[in-house]
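Please keep the sequence and the structure in view while reading.

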Amino acid sequence: MNSFKPEFIEKLKRAESIVFFTGAGVSAESGISTFRGTDGIWNRLKPEELANFDAFMRNPERVWEWYQYRKQIIHQSKPNAAHIAIAEFQNYFNDVVVVTQNVDNLHRRAGSKVIYELHGNIERNYCIKCKTEYNQPDLSFPDKKPKCKCGGLIRPDIVWFGEMLPEDQFSASEAAAQRCDIIFVVGTSAVVYPAAQIPLLAKRFGAYLVEINLERTEISSLADCSLLGKAGEIFPDILKEVKQIRSTEKLNRE
Ligand code: OAD
Ligand code: ZN
């Protein structure tokens with residue numbers, strides 16, 4: 001089991017409000033590839049051919065083929081020990097928010113309740129012309145280039161490069177970052193903006209920043225506590241500490 005520095009334990013004891021800012025690395029142990037790093041998707045495939053609106057208009061079949069493939073992998077995967085431990089924090093703290101860059105729904109499936117999705121959700125789709133949503137979870141498009149009743153192309157509800165983040169999700173994330181006592185930055189290279197502003201904002205507003213990653217990242221120099229390793233191994237250990245200190249805290253208050 002990991003042993004954590006006393007300062008971090010003290011923060012966990014006193015915290016009321018927690019944010020988890022997560023990226024592809026939190027789902028890696030569920031079998032979903034990350035974007036950067038050794039086996040990253042963007043080492044093999046070009047984002048300019050797949051993850052932007054012009055590429056979609058040029059070749060919707062190719063973009064859809066890729067998303068159908070990813071959807072299938074995601075559909076077959078399960079939340080891992082990190083998603084599950086993160087959801088369990090809700091039993092010990094009143095204000096727990098997950099701000100995720102992931103589109104895979106695994107935090108929701110693990111039971112997290114307050115989730116802000118900065119980059120969309122792979123199970124949602126909409127028509128580019130009339131904006132009708134096509135969100136049935138079991139929706140499959142037999143058509144390689146699915147179209148809406150109005151004739152417009154249907155696209156995945158994913159934020160592509162060059163597109164705006166959903167305003168409501170971003171502003172709710174900013175508010176959570178500003179009020180949290182601890183922000184966990186988990187499995188993200190923290191290089192994609194504006195999402196990566198969230199941990200910076202939390203830090204500016206006084207949060208204690210804990211990074212969990214296999215390796216050092218852009219944000220490591222700002223971290224108050226850096227835990228190197230797999231999220232699925234580190235989070236269950238943090239949760240054990242939380243269980244011990246928060247239950248005695250609770251008992252002392254009662
Ligand atoms: P990246 O692929 O850039 O980074 C994944 C991070 O997870 C790396 O820093 C890895 O070291 C770390 N990692 C991998 N396995 C891990 C594990 N088991 N435990 C802990 N850490 C682990 O993913 P993101 O930062 O999420 O955008 O990428 C940001 C955005 O870029 C994505 O949301 C996506 C992509 O283009 C959109 O889809 C719009
Ligand atoms: Zn339409």
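A polar contact is a pair of N or O atoms within 3.5 Å; within protein, one atom must be able to donate a hydrogen and the other to accept it, and residues adjacent in sequence count only if both atoms are side-chain atoms. The model is predicted, so local features need pLDDT of at least 70 and side-chain atom pairs count only at pLDDT 80 or more, while totals for chains, interfaces and linings use all residues. Residues are numbered from 1 along each chain as its sequence is written, and side-chain values use heavy atoms, with hydrogens and water left out.

| Residue | Atom of ligand 1 | Distance |
|---|---|---|
| Glu 29 | nitrogen | 2.8 Å |
| His 119 | oxygen | 2.7 Å |
| Thr 188 | oxygen | 2.6 Å |

Taken alone, ligand 1 exposes 800 Å², of which the protein buries 93%; such accessible areas come from the Shrake-Rupley method with a 1.4 Å probe.

The shell around ligand 1 has 23 residues, and the closest are Phe 35, Arg 36, Thr 188, Ser 189 and Asn 213. A residue belongs to this shell if one of its heavy atoms lies within 4 Å of the molecule. By type, the shell divides into 9 nonpolar, 10 polar and 4 charged residues.

Why does ligand 1 lie between domain 1 and domain 2? Domain 1 (1-32 + 79-119 + 165-254) and domain 2 (35-76 + 122-158) both give residues to the shell, so ligand 1 lies between them. The domain bounds come from an automatic or database domain assignment.

In the loop between strand E6 (182-186) and helix H10 (197-204) lies Pro 194, which a cis peptide bond with omega of about 5° joins to Tyr 193. Ala 190 is found in the loop between E6 and H10, and its phi is near 55°, a positive value in a residue other than glycine. Helices (H or I, at least four residues) and strands (E, at least two) are DSSP runs, numbered from the N terminus.

Definitions and conventions:
Chains lettered and ligands numbered in written order. Nonpolar A, V, L, I, M, F, W, Y, C, P; charged D, E, K, R; others polar.
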